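Try each task yourself before reading its solution.

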Amino acid sequence: MKRLELPLYRELEKKEKTILKSVARQYGWRLSSYIGWKIESGYFICLRIGILGYVLSEISLRIKPLFIDDLWWDVFDMPSNKNEPKSLRGLGAFAVSAPLIAKYSVLDRNHALDYLPEEIESTLNDVFQRIDKDIQTFLAKHPTPDNFCPEDGGEYGRICPIYTLTMDLHAGKYTQVEERIKDYRSRGVSSGFCKSSSTKGEKDAYDYFLDWCHNH
């Protein structure tokens with residue numbers, strides 16, 4: 001990007017955001033910061049908006065059961081999060097990372113300044129139509145959120161330990177939770193979360209899961 005082009009890119013970003021907001025709403029999405037989200041069939045469905053160097057280059061689709069964050073926040077002793085806006089499930093630092101369903105290219109960064117507003121709108125309409133189609137395909141394949149616990153490294157790529165452990169808890173598989181944690185720790189797989197309290201000292205998320213299993 002040349003210095004003289006910077007104002008042009010900034011203007012492009014404004015246009016992208018305005019058009020994105022309009023198109024997303026037509027397809028039933030709510031926008032908050034860098035995500036779009038909706039709730040359907042018991043799932044929290046989230047779009048991550050990727051703007052790199054002022055260019056709307058990519059959108060990724062992630063889906064998780066709506067209940068998973070509520071249970072996780074109970075386990076991690078953060079139940080007040082359940083009273084926050086639903087968008088926290090996509091934006092929050094302590095939200096469960098949802099499996100990646102698909103990625104969609106939007107604008108070509110090498111030719112970003114060549115796009116007319118109507119071309120951006122047409123491109124986004126095409127992308128959102130594909131997203132809608134992929135969501136319906138997903139829901140037909142996984143109609144029951146309680147059963148959506150994909151294998152780590154399988155069809156939906158890497159699945160974070162917190163997701164898998166919370167789904168095990170939801171299914172009442174406490175022994176399996178303990179076995180998974182033992183395996184994660186033996187392989188040096190971090191939970192990704194650590195918290196300290198005045199009564200429990202510093203503990204990672206695995207400790208909280210183990211406490212939950214022992215107490216329930």
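**Exercise 1.** Count the positive and negative side chains of the chain, and find how far apart the centres of the two sets lie.

*Solution.* Start with the positive side chains: this predicted model has 30 of them. Next come the negative ones, which number 31. Finally, compare the centres of the two sets: they lie 3 Å apart.

**Exercise 2.** Describe the secondary structure of the chain and the order of its elements.

*Solution.* First, tally the elements: there are seven helices and seven strands. Then read along the sequence, which gives the pattern α-β-β-β-β-α-α-β-α-α-α-β-β-α. For the overall dimensions, the C-alpha atoms fill a box of roughly 60 × 40 × 35 Å along the principal axes. Of the 216 residues, 43% are buried.

**Exercise 3.** Locate K38 and work out what surrounds it.

K38 is buried but has no salt bridge. The nearest side chain of opposite charge is that of D132, 4.0 Å away.

Step three is to look at the backbone. Here the side chain of K38 reaches the backbone oxygen of Y27 at 3.0 Å.

Step four is to list the neighbours. Leaving out residues up to four places away in sequence, K38 touches Y27, G28, W29, Y43, F44, I45 and D132.

Methods: Residues numbered from 1 in each chain as written. Predicted model: local features only at pLDDT ≥ 70, side-chain atom pairs only at ≥ 80, totals over all residues. Heavy atoms only, no water. Buried < 20%, exposed > 50% of the residue type's maximum accessible area, 1.4 Å probe, protein only. Lys, Arg positive; Asp, Glu negative; His and termini not counted. Polar contact = N/O pair within 3.5 Å; in protein donor to acceptor, adjacent residues only side chain to side chain. Contact = heavy atoms within 4.5 Å. Helix = DSSP H or I, 4+ residues; strand = E, 2+ residues; numbered from the N terminus. Charge placed at Lys NZ, Arg CZ, Asp CG, Glu CD.
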